Structure formats: C-alpha cells, structure tokens
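Here are a few exercises to work through with the model open in your viewer. Try each task before you read its solution.

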Amino acid sequence: MKKIVLFLAIAVSLAFNTSAMSLKDAFNALSNVPNISVRSDYNFPILGLTENGECAAALNLNEAQIRESGNAVYTILNQVPLAWMINGGNNNLAAAFIYASPESTNGIYEVLMVVMGGKLGEIAIVYGGIDKMAKDALQNAPLKMEADKISIHASLPNGDTYDIQTD
C-alpha cells in the first residue's frame, strides 16, 4: 500500500513539474490571449525600472471580453509555479500578481507582473528583469485592495518606486 501511495505522489509531482511554465513562456502565452496584444505605445512607468521590459495589454474590454480574456489569463498563470509568486491578490473584481524567478542571472531576476481591473476592462502584463533590491521591495510591498481597486506600492532604498494598481 505504501508503495502505491509513494508511486502516486511521485507521478503527481512529475505531472506538476512538466506543466510548469517559465516566466518568459508565460508572457508569450499571455500576449496571445484573445483581446491582449504586445504594446510599444503604452506608458507604464514600471517599464523604465525593468531591464529589457516588454508589455502586453488589453484596454476597454466589455463584459464578455473580460470573462474570455480573464479566464485565459488565469489558465496560463496556473501553469507558473506558485512558489515564484512574490506578491499579489485577487477578489474577482481586481487582481495583481507578481512573479519572480527564484534565481538571478548576473544579479537580475526575471519578473512577470499581471494586473487586471474589471471596472475599466483592463489587463496589463509586464515582463522583464529586475535587480535583487527591486525584487525584495516588490516582495515586501504592502498590497491594498478595496472593492474593484488593488494597489502595490514598493519603495526602493535608492528612491525609485514601483506602483502597480488598477483604478
């Protein structure tokens, strides 16, 4: 009996590990969700604080589009290891998720930020690299959620700030 349980535990573990998605793969998949497109004209102040930052977004979605795109976003994010999520929250009216790679390459951590606001029908996705100081600031930043609004405000020791929010 113990062997069967152990075998099942190993099989489940392998299944979860094979379905894990890298942050870059997640960004690419999220960029192809219906109604979401890669943007170069969108002014995200946080892009200036990321290394090689990329952005994808959807704006002014109607109720049906919010449901379609939001469900697809959740499906993709469920394939990113939960252990990589360093901050975030969701109340089905507003959501913010911040993921960071567990290890740095040359002192830079991969980061994926997803913010969704149902009130205005907006989804914003930012992918790039951040240093340890920024990663720690995002990880320790307070998350505030009120009805259809969510915000994460991180202050770095050098005076830079990361503001992630829905309105």
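Predicted model: local features only at pLDDT ≥ 70, side-chain atom pairs only at ≥ 80, totals over all residues.

Residues are numbered from 1 along each chain as its sequence is written, and side-chain values use heavy atoms, with hydrogens and water left out.

**Exercise 1. Find how many helices and strands the protein chain has, and in what order they come.**

Step 1: Take helices as DSSP runs of H or I with at least four residues, and strands as runs of E with at least two, numbered from the N terminus. The protein chain then has four helices and nine strands.

Step 2: Read from the N terminus, and the order is α-α-β-β-α-β-β-β-β-α-β-β-β.

Step 3: For burial, count residues under 20% relative accessible area (1.4 Å probe, protein chains only). Of the 167 residues in the protein chain, 38% are buried.

**Exercise 2. Work out the strand order of the open sheet that three strands form.**

Step 1: Two strands pair if DSSP finds at least two bridges between them. The order is β7-β8-β9, with antiparallel pairing.

Step 2: Look for strands that pair on one side only: these edge strands are β7 (143-146) and β9 (161-165).

Step 3: Check the bridges. β7 and β8 (residues 149-155) are joined by four, with K144 partnering S151 of β8. Five bridges link β8 to β9, and I152 lies opposite I164 in β9.

Step 4: Inspect the hairpin of β8 and β9. Five residues lie between the strands, and G159 has a positive phi near 100°.

**Exercise 3. Describe how helix α2 and helix α3 are arranged.**

Step 1: Two packed helices are described by the angle and the distance between their axes. Axes here are lines fitted to C-alpha atoms over the stretch in contact, and angles run from 0 to 180 degrees between N-to-C directions.

Step 2: The axes of α2 (residues 23-31) and α3 (residues 63-77) come within 10 Å and cross at roughly 165°. α2 is therefore roughly antiparallel to α3, a label for angles over 145 degrees.

Step 3: List the residues in contact (heavy atoms within 4.5 Å). They are A26, A29 and L30 of α2 with V73, I76 and L77 of α3.

Definitions and conventions
Buried < 20%, exposed > 50% of the residue type's maximum accessible area, 1.4 Å probe, protein only. Parallel < 35°, antiparallel > 145°, perpendicular 65-115°, else oblique.
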